[in-house]
Amino acid sequence: STASLPGAARPAALAASARSLRGQLRGSGANPAAIVASLRGELDARDLRWTIGGSGRTPIAGRFDVVRLALHGTNASSAEASGNIAGVACSMRISGGAAAPLFSGEPWPMQLSANCPHERVSARGSIALVGRRATADLTFDVVGDRSVRWPAPSACRRSFRTRSPRAARWC
């Protein structure tokens, strides 16, 4: 849910469509936590087009040629996407532990890699979702050679720890 984001960061609208969506998801259990812990399956979306409009900001549009999501019960989960964001070809991969800890408020080990022309982001650490708050303990690298919209140098390496939804100082 985006309800926990600060007002200026909360999207005003989200629209999405896909040319094809295929997948299979299985889970069983006596309660929701057991069902999430047992989830196994894959999802494959093709030509996924999306637009996110922010409060008083120009909407950002993109297209993912391929989006894949894999859940493996108590083993590692992963997601990857490749396509265009605001007209620029990009790819992203995120992998982490089993999905159940993420949704039960426990730290979820993860690593992320995202690449666009002349820009790269990688992160490693853990995140936790507790109620409407997210907690993160991440070490990340940001490298780029064009202007970026946040006040950051063209390359940085930092640890990021937060227990509040407020923005952190990047570099």
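A residue counts as exposed when its relative accessible area is over 50% and as buried when that value is under 20%, with partly exposed in between. The legends below apply these terms to a predicted model.

**View 1. A nonpolar surface patch that includes Leu 21.** Leu 21 has a relative accessible area of 59%, and therefore falls in the exposed class. Leu 21 belongs to strand E1, which covers residues 11-26. Together with Leu 43 and Leu 69, Leu 21 makes a nonpolar patch on the surface. The accessible area of these three residues is about 260 Å² together.

**View 2. The disulfide of Cys 90 and Cys 116.** The structure has one disulfide. The sulfur atoms of Cys 90 and Cys 116 are 1.9 Å apart. The link is right-handed, with 115 degrees about the S-S bond. Cys 90 sits in strand E5 (residues 88-96) and Cys 116 in strand E6 (residues 108-116), so that distant parts of the chain, 26 residues apart, are linked. Cys 90 is buried, at 11% relative accessibility, whereas Cys 116, with a relative accessible area of 25%, is partly exposed.

**View 3. The largest nonpolar core.** Nine residues make up this core: Leu 102, Trp 108, Met 110, Leu 112, Ala 123, Ala 136, Leu 138, Phe 140 and Val 142. Two or more residues each come from E6 and from strand E8 (133-144). E8 gives the largest share, four residues.

View 4. Strand E3 (residues 60-72) and strand E4 (residues 77-85) run antiparallel and are joined by eight bridges. Val 67 is placed opposite Ala 81 of E4. The hairpin of E3 and E4 has four residues between the strands, and Gly 73 in this hairpin takes a positive phi near 55 degrees. E4 also pairs with E5, again in the antiparallel sense, over nine bridges. Here Ala 81 stands opposite Met 92 in E5. Two residues lie between E4 and E5 in their hairpin, where Ala 86 in the turn has a positive phi of about 50 degrees.

**View 5. The salt bridge of Asp 44 and Arg 68.** Side chains of opposite charge can pair when their charged atoms come close. Seven salt bridges are found in the whole structure. In one of them, the side chains of Asp 44 and Arg 68 meet at 3.3 Å, N to O. Asp 44 is in strand E2 (residues 40-54) and Arg 68 in strand E3, and the pair links distant parts of the chain, 24 residues apart. Asp 44, with a relative accessible area of 18%, is buried, while Arg 68 is partly exposed at 37% relative accessibility.

View 6. The side chain of Glu 80 meets that of Arg 68 in a salt bridge of 3.8 Å, N to O. Glu 80 lies in strand E4 and Arg 68 in strand E3, so this pair ties together parts that are 12 residues apart in sequence. Glu 80 is partly exposed, with a relative accessible area of 32%. A salt bridge of 3.1 Å, N to O, joins the side chains of Glu 80 and Arg 93. Because Arg 93 lies in strand E5 and Glu 80 in strand E4, the pair ties together parts that are 13 residues apart in sequence. Arg 93 counts as partly exposed, at 38% relative accessibility. Through shared partners, salt bridges join Asp 44, Arg 46, Arg 68, Glu 80 and Arg 93 into one network.

Definitions and conventions. Residues are numbered from 1 along each chain as its sequence is written. This is a predicted model: local features need pLDDT of at least 70, side-chain atom pairs count only at pLDDT 80 or more; totals for chains, interfaces and linings use all residues. Side-chain values use heavy atoms; hydrogens and water are left out. Patches are made of residues with over 30% relative accessible area and no salt bridge: like charges are joined within 9 Å, nonpolar side chains (Val, Leu, Ile, Met, Phe, Trp, Tyr) within 5 Å. Accessible areas come from the Shrake-Rupley method with a 1.4 Å probe; for residues, only the protein chains shown count as cover. A salt bridge is a side-chain nitrogen of Lys or Arg within 4 Å of a carboxyl oxygen of Asp or Glu. Buried means under 20% relative accessible area, exposed over 50%, partly exposed in between (1.4 Å probe, protein chains only). A disulfide is a pair of cysteine sulfur atoms within 2.5 Å. A nonpolar core is a set of buried Ala, Val, Leu, Ile, Met, Phe, Trp, Tyr and Cys residues joined through side-chain atoms within 4.5 Å. Two strands pair if DSSP finds at least two bridges between them.
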